[in-house]
Amino acid sequence: QRDLHKLVESYQVHGASDKLLPALSLAMTALAVPLSSRSYRRGFSENYIMLLGQGDGIYRPEILSAAIRQEPLVLVNGQTHQLRPSTLGKGMVLKNCFQEVCDILSESSKRNRFPSVRLRAAMAAFESIWVQYEEVYISELIHIENLGKRPLAEAISLEFQLLDLEFSREPAAPQIEVLPRTAGSDTDSPLSSKHSSPKSPPSSSSDSSDCDLPSPPPRTLPPAELRCLAESACFAARHTARRAALERLVLQVATLNGCANGHSKGRGDLGIEVLEAAAELFLSGDIQHPTDNNKVRETLANEVLGGFLKLRRYLYQASRKMLFVDPQLSNNSDLARNLVVWEEAWELGNDFLVQPDLRKAFCGISVEAAAIQEFEPQFEKMVEDQDAELFLILPRLVLLSGMWESSHSALARNFGMEGWQWEALSEEFLKLCLIFPGNQLEFWKLLVAKALHGPGNCDDQEFSRSLEKFLLQLEGLSMQLQRSEPQRWNRCCQLLLRSIAAALAAPVRVLSL
C-alpha cells in the first residue's frame, strides 16, 4: 500500500508527466502487474542496450515524452525524416493509456479511495502498449541515426580503400552497402531531448545495419603520409586506380563538409584540382636541396596537403570510435575542427595555387621578400613578431615586387586592381628607373627601404621628390589592395608570411636579383 500511496502523492506533485514513471513502476510491482518481454532490446545497438537494459521494466521518460508530443519529423544533418504512421499510432495509444492511469489517480486522490482492480487493468494495458511503442520507435531512431552517420561512414570506407592502394595491400575496409535494417548507438541517449536531435550512432556490433560501418581493420595500416598523398594527387597519377580512389574520397569529403561543418562555410564544392596543384608544387621541389625556392614550394604545398592529411588521419582514427560519434555530425567537435582546417586549406589553394601565374607570383614574391633580410636585417624580426606595422608593409612589397618582376604582378592584380591603375603605377616606376643614378640593385634596396618605413623624409632633390610621389601613389594602391577583399587578403598575408618565414629559414639562398 505504501508504494500505491507514493504513486498518488507523485501524481499530486507532478501531474500527468513523465516524472510519474518511477512511482508508477513501483506501483506496478506492488499490484503484481505482469511485465511484457523486452527481448527485442537485444537487437538494439550497444548503447541503447546500455541505456535501456536487456531485462524487463525500466521506463525511460524520453520515450513517453515522444509519445505525448506526437512529433512526426526527425531532423538529422539538415535532412528531414518522417516517422511511420504506425509508429505514431502506437504512440497515441500509449499516450491515451497513460492518461487513463492518470485519470484513475486523479479520481482516487479526490475520493480518498484506491480502485486497485481498475488501476491494475489500466497499468497492464499501459505496459503492453509501452513495449510495442518502444520497439518500433527506437528501431526507427536507429535507422534514421544510421542514415545520419552515412556520410562519415562512407568517407572512412573510402579512406581505407585509398590506404590499401597507397600501400599496395588487400582491401582494408568493406564498401558501404545498403541493407534493409539499421542499428545505431551512442553513449548519450537521443531521447534526452526531442527526437529531432538524435545522438545514438550505429554500432558495428548490431546484427543488421543500414550502412555497413568500417570496423577496425583486421591488420594494421599506417596512416597516410604527405608524400603518399602528393603522389596520389599529382597529374601523373591521373587514370590510375589510386587517383580514382582519391577522387572518390575528395568528393565524399565535400559531401561530409556540407552537412557536418557548421563552424565555417560548409562548402560542398571542395574539388580535387586544389590537391593536384599542391601535389605538383610539392613534387616539383628537390627536398634534398633545401633552397629558399624549394622551401617556399614545400610550405605552400603543405598548407593544402597537410590540411587534407589531417582530415584523413581523423577518418583513420574515427573508424575505431564510431560508437561514440554523434549522428548529428556537426556536434562532433573533432570532425568539425578537421573539416574547418581542410576547407580553409582548400580555399587558400584555390585562391593562390590552382592558377599557374598566381602560384609562380606567390613563390617569387616570398623568395624576393626573404632576400630583403640581406640588406634590411630588422626584416626577419618583423616577420617573426608579426606586429601591425608588418601588415601595412606587406602590400607595398607585393606591389613593388610586381613592378620589379612582371610575372609577380599576378598576385596584386588578382585583388580587383583595374588595369589602368597598374599601368599608371608602372609608368611612374619606369620613370624612376631611368633617372636613378645608381645600379638596379641599389635602386631595389632604396625602394624596399622606403616601403619598410613609408613615404616621408623628402629632401629637395628632384629624384627624391619623384620617389616620394611614386610611394604615395603606391600607398594608395596598397590600401586598395587590403580593402578590396579583406578576408581573402588576410588569408593571403598569413600564407605569405609563412612562406617568407620558410624562405628565411632555408640554409641555401637563391637570390632573384
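**Notes on the salt bridges of this predicted model**

1. Let me start with Lys-431, which is partly exposed at a relative accessible area of 42%. (Partly exposed falls between buried, under 20% relative accessible area, and exposed, over 50%, using a 1.4 Å probe and protein chains only.) Its salt-bridge partner is Glu-427, with the closest N and O atoms 4.0 Å apart. Here a salt bridge is a side-chain nitrogen of Lys or Arg within 4 Å of a carboxyl oxygen of Asp or Glu. Glu-427 is also partly exposed, with a relative accessible area of 47%. Both residues sit in helix α16 (residues 419-435), four residues apart, or about one turn of the helix.

2. A word on the ground rules: this is a predicted model, in which local features need pLDDT of at least 70 and side-chain atom pairs count only at pLDDT 80 or more, while totals for chains, interfaces and linings use all residues. Residues are numbered from 1 along each chain as its sequence is written, and side-chain values use heavy atoms, leaving out hydrogens and water.

3. For the overall picture, the chain has 19 helices and two strands. These are DSSP runs numbered from the N terminus, with helices being H or I of at least four residues and strands E of at least two. Of its 513 residues, 52% count as buried. The chain exposes about 23,000 Å², and carbon and sulfur atoms supply 51% of that area; the areas come from the Shrake-Rupley method with a 1.4 Å probe, and for residues only the protein chains shown count as cover.

4. The structure holds 28 salt bridges. One of them pairs Asp-351 with Arg-488, at 3.3 Å between the closest N and O atoms. Asp-351 belongs to helix α11 (residues 333-352) and Arg-488 to helix α19 (residues 486-505), so this pair ties together parts 137 residues apart in sequence. Asp-351 is buried, with a relative accessible area of 12%, and Arg-488 is buried too, at 13%.

5. Do have a look at Glu-475 and Arg-396 as well, whose side chains meet in a salt bridge of 2.7 Å, N to O. Glu-475 lies in helix α18 (residues 462-484) and Arg-396 in helix α14 (residues 388-404), so the pair links parts that are 79 residues apart in sequence. Both Glu-475 and Arg-396 are buried.
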